[in-house]
Amino acid sequence: LPAGFMEGPDTQAISDEALDLSRTWNILDSKPIFLNGKGSVVIFYAVIYKLFGYNPLYGRLADALLGALCVLLTFYIADRLFGHTAAKIASILTAGYGYLIQYGVYIGTEALGLLSIMVFVSGILAARDRRGAAAILLTLIAGMSLAICVMARSEYYYVIIPAFIWVIIAL
């Protein structure tokens, strides 16, 4: 790998832990990945490495894809809340946002954490307009994405209570 390829916040540690998990593929025998604040990210990269082989480039490409999905979800959320013109502006600003560009190519927790919180918001917005089984399914998907977000970025624990209050008000 070129010099500096594995630079980034926790890049090497996450990549090594994901590689170990992908080789053993038994979460129960691995290190306690759910206790280190990066559990879902390690599992995400372990799946990538298991499917495509170990190369950090695959992890970076997966992060870039997650960043692109964040731009699309920004458009969806802004369109639902503020209208089509604001959605275009928000998605353009998101695509050019330095934090998303920089951390979107590191093997780290940022891309999965951000995408998960955006899936949560999108799921609640979509469930708000539906009734019955569809609303329940979308709310469950939103809840699972919030759990993935908190497992990816332990700093997002502060989001849980306001998120549930918002869900009660929105639905």
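A salt bridge is here a side-chain nitrogen of Lys or Arg within 4 Å of a carboxyl oxygen of Asp or Glu. The model on screen is predicted, and a search of the whole structure with that criterion returns one salt bridge.

**Stop 1: the salt bridge**

Select Arg-80 and Asp-129. Their side chains meet at 2.0 Å, N to O. Arg-80 sits in helix 3 (residues 56–82), whereas Asp-129 belongs to the loop between helix 6 and helix 7 (133–152), so the pair ties together parts that are 49 residues apart in sequence. Side chains of opposite charge can pair when their charged atoms come close. Colour the two by accessibility: Arg-80 counts as partly exposed because its relative accessibility is 26%, and Asp-129 counts as exposed because its value is 52%.

**Stop 2: the whole chain**

Zoom out and switch to a cartoon. Of its 171 residues, 42% count as buried. Among contacts between residues at least 6 apart in sequence, 67% join residues at least 24 apart. With the surface displayed, the protein chain exposes about 9,400 Å², and carbon and sulfur atoms supply 70% of that area.

**Stop 3: helix 6**

Select residues 110–128, which make up helix 6. How far does helix 6 reach from its first C-alpha to its last? The span of this 19-residue helix is 27 Å, close to the 27 Å expected at 1.5 Å a residue. Helix 6 is mostly covered, with 15 of its 19 residues buried.

**Stop 4: Thr-74**

Go back to helix 3 and pick Thr-74, which has its place there. Is Thr-74 buried or exposed? Thr-74 counts as buried, because its relative accessibility is 12% and the cut-off for buried is under 20%. Now show its neighbours, leaving out residues up to four places away in sequence: Thr-74 touches Ala-90, Ser-91, Thr-94 and Met-118.

**Stop 5: the nonpolar patch**

Show the surface and select Val-47, Leu-51, Phe-52, Leu-57, Tyr-58 and Leu-61. These residues form a nonpolar patch on the surface, with about 570 Å² of accessible area together. The elements that give two or more residues to the patch are helix 2 (39–52) and helix 3. Next, pick out Tyr-58, which is found in helix 3. Tyr-58 counts as partly exposed because its relative accessibility is 31%.

**Stop 6**

Move to helix 1 (residues 11–24), where Thr-11 lies. Thr-11 counts as buried because its relative accessibility is 0%.

**Stop 7**

How many disulfides does the structure hold? There are zero. Cys-70 is buried, with a relative accessible area of 1%, and Cys-149 counts as buried at 0% relative accessibility.

Notes
Residues are numbered from 1 along each chain as its sequence is written. This is a predicted model: local features need pLDDT of at least 70, side-chain atom pairs count only at pLDDT 80 or more; totals for chains, interfaces and linings use all residues. Side-chain values use heavy atoms; hydrogens and water are left out. Helices (H or I, at least four residues) and strands (E, at least two) are DSSP runs, numbered from the N terminus. The expected span of a helix is 1.5 Å times one less than its number of residues. Buried means under 20% relative accessible area, exposed over 50%, partly exposed in between (1.4 Å probe, protein chains only). Patches are made of residues with over 30% relative accessible area and no salt bridge: like charges are joined within 9 Å, nonpolar side chains (Val, Leu, Ile, Met, Phe, Trp, Tyr) within 5 Å. Accessible areas come from the Shrake-Rupley method with a 1.4 Å probe; for residues, only the protein chains shown count as cover. Contact means heavy atoms within 4.5 Å. A disulfide is a pair of cysteine sulfur atoms within 2.5 Å.
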